[in-house]
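I opened my notebook and loaded the model.

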Amino acid sequence: MSSLPLQPRRIDLSRWVIYGLVCLAVLLPYVIYVEMPFTPSKEAKGLYDQLEALKKGDHVLLAFDFDPASQAELRPMGRALLLHCFRKGVIPVVMTFWPNGLNMDKEIIEKTAPEAGKMWSREFKNGRDYVFLGFRPGDTSFILLMGENLKTAFDKDYYQNPTQKLPGLTDVNTLKDMKLVVDLAAGATVQAWIAWGSDRFGFPLGAGTTAVSAPDMYPFLQSRQVVGLLGGLRGAADYEVLLNVNGDGRLGMQAQSFTHLLLVGLILFANVVVFIRWIRGGKD
Amino acid sequence: MTTPQNKSNKKTSSVEMAVLAILAVVFLVVSLLAQFIVKDADGHYYFTTGADLRGSLGVILAAGLTLVMYSFLYRDNALFKIAENLYVGVALGYMVITITWREALRPEVYDKFFNAPTWGAFREALLYRSVPVILGVLLITRLSRKHGWISRYSYALIIGYGAGVGIPLTTHSFILKQLYAGVAPLQDAIVGKTSPALFSWPWFADVAYPVFLTALVVVGTVAVLFYFFYSIEHKRTGRTFSQVGIFFLMVSFGASFGYTVMGRVSLLIGRVQFLLYEWLKIPK
């Protein structure tokens, strides 16, 4: 049996050119810093204003419903929201329905609290100035339980301290005592928080989502079921600009803007090529 | 049979192996230099494992795996497959052992029954948790063909509870509230508190523009629904209207695609930031 002749290996150069250009577009802003101007979106401002209007000692529930796979977009949002809470003297109460992100959530809180302490020369203490409740299974049913009694739902915090004795939760009994709930979601938990949480118990809900899920949130913004939205890395950068702090969101947006320009250029170039071929009567 | 092209492939493969070996050595040297070589105040370099040896090793491992995953851009290879399977295995192990046992079964079941602090706590666990635990155990009978029917009792409860609680809430949140949001600007325009002069700037901003947007949403929704309505043939006016639906769908796909591109680029930026700031320890 004769073997089939082997095809000489074809190297698709255009693919490598695109990889190289994308690589350059992402890396270049870290080598040569070029400030790309952008104005925070009104969706991000909606969430910022909601939190800014709270008083010292009010409580905000932050649901970090994401895992390390989406941390590039959602982690800077979490940090920015925590910094905002610390700056305002609002007590952030953090929890998650995504167990894979539990250790990451702990790291975000434990890094941000001392960082905020340095920024505003204050000591932010666990259990008093912020609370980390950790993970509980149950998703939608658990939201209902939290709406009935938060301290029954979470009898202990992540560090195994009884929630009944936490000074940071003294005035909190149910979800209704939260002045704002923000869900940072890599999945569909925002919809659960809307139906089972905010619409039922009447607290304002904000959302931070990955860029992929952001378009799905706009109907809820229009119906005011969500008071503000942070969409993808851009949303994180928006919030950092509003808060006037530096972070991975703003830093990443430079690379993001460069890459977007490149992609728009490539799409236009490809369309021009197709258009020219079409005029010349080519079939391809 | 050895053909000249087989020889050529063998040669390429050897070159690839050599390049891989060089890259591996470079990676190790760079990792050691970045993670363990520190400059003191006098400008002398010295080797230290630092306070967090496990953390440094974790960063090196994560950086190595990141680079291995990106090697897929060159072509599918054995290292990529190893990393891919490692990810699936670790994620599964973490989910089953760490999360299911440590975060769910142990605190919610085992500790409540076998480490109950008081007789009262044990009685409470028996009262509230024994039925859910039994129903949960019954689900495992799905694994047996003979006894699988027993699990239907648990499923019946899950479906009954889910439908009973979920249907009214989701109807209210995702249909009624959305319908209301769709007509609210029209309502505001007709029975609004303020009635600006016709064709004045406030009239355009507060009445005409929201009404125009609402009309756009209504036309878009109806046109898209009509496009998917196959009971009548799309001819003449119907065809034009269904093409309007296609137009709205295309705009929607474009928005989703744009956001998806942004999300994917953000993930790349996240990895680049990790490699620059945590692996190479370049100051921000």
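**Entry 1: where the chains meet**

I started at the contact between the two chains: 39 residues of chain A are in contact with 33 residues of chain B. This is a predicted model, so I read every value below as computed.

Which helix gives the most to the side of chain A that touches chain B? I found that α10(A) does, with 6 residues. Other helices of chain A take part too. I listed α1 (13–31), α3 (71–88), α7 (189–201), α8 (218–222) and α9 (232–243), and each supplies at least two residues to that side, as does α10 (248–279). I then sorted the residues of this side by type. I noted 22 nonpolar, 12 polar and 5 charged.

**Entry 2: chain A overall**

I stepped back to look at the whole of chain A. I noted 10 helices and 6 strands. The C-alpha trace spans about 75 × 50 × 40 Å along its principal axes. Of the 284 residues in chain A, 47% are buried. I also looked at contacts with a separation of 6 or more. In chain A, 71% of them are between residues 24 or more positions apart.

**Entry 3: helix α4 of chain A**

Next I picked one helix, α4(A), residues 102–120. I counted 19 residues in α4(A). The helix reaches 27 Å from its first C-alpha to its last, close to the 27 Å expected at 1.5 Å a residue.

Which residues of α4(A) are buried? I wrote down L102(A), D105(A), I108(A), I109(A), T112(A), A113(A) and A116(A). They cover an arc of only 125° around the axis, so they sit on the same side of α4(A). I turned to the other side of α4(A) and found N103(A), K111(A), P114(A) and K118(A) exposed.

I then asked what covers the buried residues of α4(A). From chain A, the cover includes β1 (59–65), α3, β2 (91–96) and β3 (131–135). From chain B, it includes α3 (78–114). Just after the helix, I found S121(A) with a positive phi of about 45°.

**Entry 4: strand β4 of chain A**

I moved on to a strand, β4(A), residues 180–185. Buried or exposed? I found 6 of its 6 residues buried, so β4(A) is largely enclosed by the rest of the structure.

I checked its two faces in turn. On one side are L180(A), V182(A) and L184(A), all buried. On the other are V181(A), D183(A) and A185(A), also buried. I jotted down a rule from class: in a regular strand the side chains alternate between the two faces of the sheet.

Which way do the partners of β4(A) run? I found β1(A) parallel to β4(A), joined by 6 bridges. Here L62(A) stands opposite V182(A). I found β5(A), residues 205–209, paired with β4(A) in the parallel sense over 5 bridges. In β5(A), L205(A) is the bridge partner of V181(A).

I wrote the background first. Most residues other than glycine have a negative phi. Then I looked at two residues with a positive one.

R224(A) is not a glycine, yet its phi is about 60°. I placed R224(A) in the loop between α8 and β6 (228–231) of chain A. I counted 14 C-beta neighbours inside 10 Å, so R224(A) is partly exposed.

N244(A) has a positive phi near 60° and is also not a glycine. I placed N244(A) in the loop between α9 and α10 of chain A. With 7 other C-beta atoms within 10 Å, N244(A) is exposed.

**Entry 5: over to chain B**

I finished with chain B. The domain assignment gives domain 1 (1–75) and domain 2 (194–261). I noted 54 Å between the centres of these two domains, taken over C-alpha atoms.

I also looked up one helix here, α2(B), residues 53–70. Its 18 residues should span 26 Å at 1.5 Å a residue, and its end C-alpha atoms are 26 Å apart, which agrees.

Where are its buried residues? I found S56(B), V59(B) and A63(B) buried in α2(B). They cover an arc of only 60° around the axis, which puts them on the same side of α2(B). On the other side of α2(B), I found L53(B), R54(B), G58(B) and L61(B) exposed.

Terms used. Residues are numbered from 1 along each chain as its sequence is written. Chains are lettered from A and ligands numbered from 1 in the order in which they are written. This is a predicted model: local features need pLDDT of at least 70, side-chain atom pairs count only at pLDDT 80 or more; totals for chains, interfaces and linings use all residues. Domain bounds come from an automatic or database domain assignment. Two residues are in contact if their C-beta atoms, placed from the backbone, lie within 7 Å. Helices (H or I, at least four residues) and strands (E, at least two) are DSSP runs, numbered from the N terminus. Ala, Val, Leu, Ile, Met, Phe, Trp, Tyr, Cys and Pro count as nonpolar, Asp, Glu, Lys and Arg as charged, and the others, Gly among them, as polar. The expected span of a helix is 1.5 Å times one less than its number of residues. A residue is buried if 20 or more other C-beta atoms lie within 10 Å of its own, exposed if 12 or fewer, and partly exposed in between; C-beta atoms are placed from the backbone. The arc is that of the directions from the helix axis to the C-beta atoms. Two strands pair if DSSP finds at least two bridges between them.
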